[in-house]
Amino acid sequence: MTDSERRLVVLVAIDVVGYSLSIERDETNTITRLKTFRLKLDPMIADHGGRIFNTGGDSVFAEFDSAVQALKCAIGFQTHVSNINSVLQPRDQMFFRIGVNIGDVIEDVQRHICTDIYTKKCKQA
(Lines give C-alpha, C1' and ligand atoms only; values in the text may rest on other atoms or scores of the structure.)
Protein backbone atom coordinates (compact mmCIF):
# COMPACT_ATOMS: atom_id res chain seq x y z
CA MET A 1 0.00 0.00 0.00
CA THR A 2 1.22 3.48 -0.79
CA ASP A 3 0.45 6.59 1.16
CA SER A 4 -1.55 7.91 -1.79
CA GLU A 5 -4.06 5.06 -1.29
CA ARG A 6 -4.72 6.17 2.27
CA ARG A 7 -7.01 8.96 3.29
CA LEU A 8 -7.80 10.65 6.55
CA VAL A 9 -11.43 10.28 7.66
CA VAL A 10 -13.53 10.58 10.76
CA LEU A 11 -15.19 7.29 11.70
CA VAL A 12 -18.31 7.28 13.85
CA ALA A 13 -19.63 4.15 15.56
CA ILE A 14 -23.13 4.21 17.06
CA ASP A 15 -24.93 1.49 19.00
CA VAL A 16 -27.68 1.04 21.56
CA VAL A 17 -26.79 0.66 25.22
CA GLY A 18 -28.24 -2.62 26.56
CA TYR A 19 -29.63 -3.69 23.19
CA SER A 20 -29.41 -7.45 23.80
CA LEU A 21 -31.19 -7.18 27.15
CA SER A 22 -33.84 -4.92 25.62
CA ILE A 23 -34.39 -7.43 22.80
CA GLU A 24 -34.77 -10.23 25.35
CA ARG A 25 -37.36 -8.25 27.32
CA ASP A 26 -39.44 -6.92 24.43
CA GLU A 27 -38.21 -7.66 20.93
CA THR A 28 -41.07 -6.02 19.04
CA ASN A 29 -40.96 -2.68 20.88
CA THR A 30 -37.15 -2.58 20.85
CA ILE A 31 -36.99 -3.04 17.09
CA THR A 32 -39.79 -0.51 16.57
CA ARG A 33 -38.01 2.11 18.72
CA LEU A 34 -34.69 1.47 16.96
CA LYS A 35 -36.31 1.88 13.52
CA THR A 36 -37.88 5.15 14.68
CA PHE A 37 -34.50 6.49 15.81
CA ARG A 38 -32.87 5.34 12.57
CA LEU A 39 -35.45 7.38 10.63
CA LYS A 40 -33.87 10.44 12.25
CA LEU A 41 -30.24 9.25 12.38
CA ASP A 42 -29.73 8.14 8.78
CA PRO A 43 -30.70 11.44 7.10
CA MET A 44 -28.92 13.37 9.87
CA ILE A 45 -25.67 11.62 8.93
CA ALA A 46 -26.17 12.52 5.26
CA ASP A 47 -27.15 16.11 6.13
CA HIS A 48 -23.81 16.50 7.93
CA GLY A 49 -21.84 15.17 4.97
CA GLY A 50 -21.45 11.64 6.29
CA ARG A 51 -21.96 8.26 4.69
CA ILE A 52 -23.14 5.06 6.36
CA PHE A 53 -20.79 2.29 5.29
CA ASN A 54 -21.97 -0.55 7.52
CA THR A 55 -24.82 -1.54 9.83
CA GLY A 56 -25.59 -4.60 11.87
CA GLY A 57 -28.38 -5.06 14.37
CA ASP A 58 -28.27 -1.92 16.48
CA SER A 59 -24.90 -0.69 15.13
CA VAL A 60 -24.24 2.00 12.56
CA PHE A 61 -20.80 2.86 11.18
CA ALA A 62 -20.40 6.10 9.27
CA GLU A 63 -17.55 8.11 7.83
CA PHE A 64 -17.20 11.88 7.61
CA ASP A 65 -14.62 14.12 5.96
CA SER A 66 -14.98 16.67 8.76
CA ALA A 67 -14.53 16.10 12.50
CA VAL A 68 -16.66 19.18 13.16
CA GLN A 69 -19.55 17.79 11.09
CA ALA A 70 -19.22 14.36 12.71
CA LEU A 71 -19.43 15.90 16.18
CA LYS A 72 -22.33 18.17 15.21
CA CYS A 73 -24.17 15.10 13.94
CA ALA A 74 -23.41 13.11 17.11
CA ILE A 75 -24.47 15.95 19.40
CA GLY A 76 -27.60 16.62 17.34
CA PHE A 77 -28.61 12.98 17.47
CA GLN A 78 -27.96 12.68 21.21
CA THR A 79 -30.06 15.82 21.76
CA HIS A 80 -32.87 14.26 19.72
CA VAL A 81 -32.61 11.02 21.74
CA SER A 82 -32.70 12.96 25.00
CA ASN A 83 -35.80 14.90 23.90
CA ILE A 84 -37.63 11.72 22.92
CA ASN A 85 -36.59 9.88 26.10
CA SER A 86 -37.79 12.77 28.28
CA VAL A 87 -41.41 11.95 27.47
CA LEU A 88 -41.12 8.15 27.65
CA GLN A 89 -41.42 5.79 30.57
CA PRO A 90 -38.00 4.51 31.71
CA ARG A 91 -38.69 1.01 30.33
CA ASP A 92 -39.34 2.52 26.88
CA GLN A 93 -36.26 4.75 26.74
CA MET A 94 -33.34 3.96 24.46
CA PHE A 95 -29.80 5.28 24.89
CA PHE A 96 -27.00 5.34 22.33
CA ARG A 97 -23.21 5.17 22.60
CA ILE A 98 -21.35 7.18 19.99
CA GLY A 99 -17.62 6.86 19.39
CA VAL A 100 -15.72 9.24 17.13
CA ASN A 101 -12.25 8.43 15.81
CA ILE A 102 -10.04 10.11 13.24
CA GLY A 103 -7.43 8.18 11.31
CA ASP A 104 -6.07 6.88 8.04
CA VAL A 105 -8.15 4.37 6.15
CA ILE A 106 -7.65 2.25 3.08
CA GLU A 107 -10.72 1.61 0.95
CA ASP A 108 -10.40 -1.32 -1.43
CA VAL A 109 -12.37 -1.98 -4.62
CA GLN A 110 -14.91 -4.09 -2.72
CA ARG A 111 -15.74 -1.02 -0.59
CA HIS A 112 -14.13 -2.28 2.60
CA ILE A 113 -12.92 0.49 4.84
CA CYS A 114 -9.84 -0.68 6.68
CA THR A 115 -8.57 1.34 9.58
CA ASP A 116 -4.83 1.72 9.45
CA ILE A 117 -2.41 0.77 12.21
CA TYR A 118 -4.81 1.72 14.99
CA THR A 119 -7.08 -1.31 14.98
CA LYS A 120 -6.21 -3.42 11.92
CA LYS A 121 -9.87 -4.18 11.24
CA CYS A 122 -12.00 -4.06 8.11
CA LYS A 123 -15.69 -3.21 7.90
CA GLN A 124 -17.67 -4.48 4.91
CA ALA A 125 -19.40 -1.55 3.17
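Which residues are linked with Arg7 in a network of salt bridges? Arg7, Arg51 and Glu63 form that network.

## Basis of the model

This is a predicted model, in which local features need pLDDT of at least 70 and side-chain atom pairs count only at pLDDT 80 or more, while totals for chains, interfaces and linings use all residues. Residues are numbered from 1 along each chain as its sequence is written, and side-chain values use heavy atoms, leaving out hydrogens and water.

## Strands around S3

Strands here are DSSP runs of E with at least two residues, and helices are runs of H or I with at least four, both numbered from the N terminus. Two strands pair if DSSP finds at least two bridges between them. Strand S3 (residues 59-64) runs antiparallel to S1 (residues 6-16), with 5 bridges, and antiparallel to S2 (residues 51-56), also with 5 bridges. In S3, 5 of 6 residues are buried (under 20% relative accessible area; exposed is over 50%, partly exposed in between, with a 1.4 Å probe and protein chains only).

## Salt bridges

The whole structure has 4 salt bridges, each a side-chain nitrogen of Lys or Arg within 4 Å of a carboxyl oxygen of Asp or Glu. Arginine 7 pairs with glutamate 63 at 3.0 Å between the closest N and O atoms. Arginine 7 lies in S1 and glutamate 63 in S3, so this pair ties together parts 56 residues apart in sequence.

Glutamate 63 also forms a salt bridge with arginine 51 (2.7 Å, N to O). Glutamate 63 is buried at 6% relative accessibility, whereas arginine 51 is partly exposed at 25%.
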